[in-house]
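Trainee: Can we go through this one label by label? I'd like to see what stands behind each term.

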Amino acid sequence: MPRYNPYTLQMQLTRMFAEGQSFFAMHKVQDWLRERNQDPSEYEIIFHQKPAPPGSGETIAIDVELRRLDGQPVDPW
């Protein structure tokens, strides 16, 4: 399985949303969590859409917010 770092994962998710493939974004984040030996069912995955920074060549940017369902703090990956 390929290794994702948060920056490239965010770029891939932004591209997915821009191309209308946002359905697959949840699976991409779940795979990313599994790679870090985390159980995706323990997390609430929330996508935030915001304007892209100037000069990036994109129109939108996607931020991912992870919340643990048990109330524990999320590790800063």
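Mentor: Buried residues make up 27% of the 77 residues in the protein chain, where buried means under 20% relative accessible area, exposed over 50% and partly exposed in between, with a 1.4 Å probe and protein chains only. Bear in mind that this is a predicted model, where local features need pLDDT of at least 70 and side-chain atom pairs count only at pLDDT 80 or more, while totals for chains, interfaces and linings use all residues. Residues are numbered from 1 along each chain as its sequence is written, and side-chain values use heavy atoms, with hydrogens and water left out.

Trainee: What makes F23 and F24 an edge-to-face pair?

Mentor: Rings of Phe, Tyr and Trp (its six-membered ring) pair if their centres lie within 6.5 Å; planes under 30 degrees apart count as stacked, over 60 as edge-to-face and the rest as tilted. By that rule there are 2 aromatic pairs. The ring centres of F23 and F24 are 5.3 Å apart with planes at 80°, so this pair is edge-to-face.

Trainee: And how do you know whether F23 is buried or exposed?

Mentor: F23 has 60% relative accessibility, so it counts as exposed. F24, at 45%, counts as partly exposed.

Trainee: What makes R34 and D31 a salt bridge?

Mentor: The term asks for a side-chain nitrogen of Lys or Arg within 4 Å of a carboxyl oxygen of Asp or Glu. R34 and D31 meet at 3.0 Å, N to O, so the pair qualifies. Both lie in helix α2 (residues 25–35), 3 residues apart, about one turn of the helix. The structure holds 6 salt bridges.

Trainee: Which parts of the chain does the K50 and D63 pair link?

Mentor: K50 forms a salt bridge with D63, with the closest N and O atoms 3.1 Å apart. That pair links distant parts of the chain: K50 is in strand β1 and D63 in strand β2, 13 residues apart. K50 is partly exposed at 38% relative accessibility, and D63 is partly exposed at 28%.

Methods:
Helices (H or I, at least four residues) and strands (E, at least two) are DSSP runs, numbered from the N terminus.
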